Amino acid sequence: MATPHIKANKGDFAKVVLMPGDPLRAKWIAETFLKDIVLVNEVRGILAYTGYTKNGKKISVMASGMGQPSIAIYSHELFAEYGVEAIIRVGTCGAYQPNIDLRDVLICMSASTDSNLSNALGLVGSYSASADFELVQTAYEVAKRRNAKFHVGNILSSDVFYNFDKEGWKKWANLGIMGVEMESYALFVNAALLHKKALCLLTVSDSFVKSDILTSDERQTGLVNMIEIAIETAEKFSD
Ligand code: HPA
């Protein structure tokens, strides 16, 4: 079986999929945190693996690519055609708040957007995209127990990385938006449309309010904390 963008067999994916943006990060997550991994997709270099956690739970990891149209395509095909029940995005973001430091983990309860996706749904009004409550609650409990430095709240899924308006982010920050990435709104919309579950966890890789820069080792530590929270959360929803 194949869908337009995934060449895998039915049953190749676990019920829960972790979804980083970068295909090489999907490979690193699978090789570092899972055992008995099998490569189940490589169409367009969008690597996907299925394997088992150290507690024997079956989990898949698949890249989303960058941006809302890309994650919308892959999440739709996984939810609609491959029996996937939950997708947990594991990404990075730029922080908008002074109390949010590099490497902190964000548990995204909801996502706002500057994209036109809400209009494309044909609604009279705009859709408030939110994560699945059980996934948020589980990630919160896991993060708390692990003593992680984390924040729960709303983020901005932007369609623009190189913004010519250098001040526009401040209006979102003023509404309490924790930070900016480019995928979660579309993921949450797809999960809602297809009656599935979604969550987004982010590690802060840069900041609009602080000038610190992470070394690659520091960046890796932040990622490891987030992936461990994501895997422990995923285990509660997998076979
Ligand atoms: N903007 C958008 N997406 C991002 C950023 C950013 O600053 N950092 C990591 N992902």
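**A patch, a buried serine and a ligand**

Author: Let's start with V152: at a relative accessible area of 35%, V152 is partly exposed. Keep in mind that this is a predicted model.

Reader: Which residues make the nonpolar surface patch of about 250 Å²?

Author: Start from strand 8, residues 150-157, where V152 sits. A patch residue needs over 30% relative accessible area, and V152 has 35%. The patch is made by V152 together with M109 and Y140.

Reader: Is S75 buried or exposed?

Author: S75 belongs to helix 2, which runs over residues 68-81. Buried means under 20% relative accessible area. S75 has 0%, so it counts as buried.

Reader: Now the ligand. How far is a nitrogen atom of the ligand from an N or O atom in the side chain of D206?

Author: D206 is one of the residues around the ligand, and T92 and G94 are also among them. From a ligand nitrogen, a polar backbone atom of T92 is 3.4 Å away, and a backbone N or O atom of G94 is 3.3 Å away. For the D206 side chain, the distance is 2.9 Å.

Reader: What share of the ligand's accessible area does the protein cover?

Author: On its own, the ligand has 260 Å² of accessible area. Of that, the protein covers 87%.

Notes:
Residues numbered from 1 in each chain as written. Predicted model: local features only at pLDDT ≥ 70, side-chain atom pairs only at ≥ 80, totals over all residues. Heavy atoms only, no water. Patch = residues over 30% accessible without salt bridge, like charges linked within 9 Å, V, L, I, M, F, W, Y side chains within 5 Å. Areas by Shrake-Rupley, 256 points an atom, 1.4 Å probe, with all protein chains shown as cover. Salt bridge = Lys/Arg side-chain N within 4 Å of Asp/Glu carboxyl O. Helix = DSSP H or I, 4+ residues; strand = E, 2+ residues; numbered from the N terminus. Buried < 20%, exposed > 50% of the residue type's maximum accessible area, 1.4 Å probe, protein only. Near = heavy atom within 4 Å. Polar contact = N/O pair within 3.5 Å; in protein donor to acceptor, adjacent residues only side chain to side chain.
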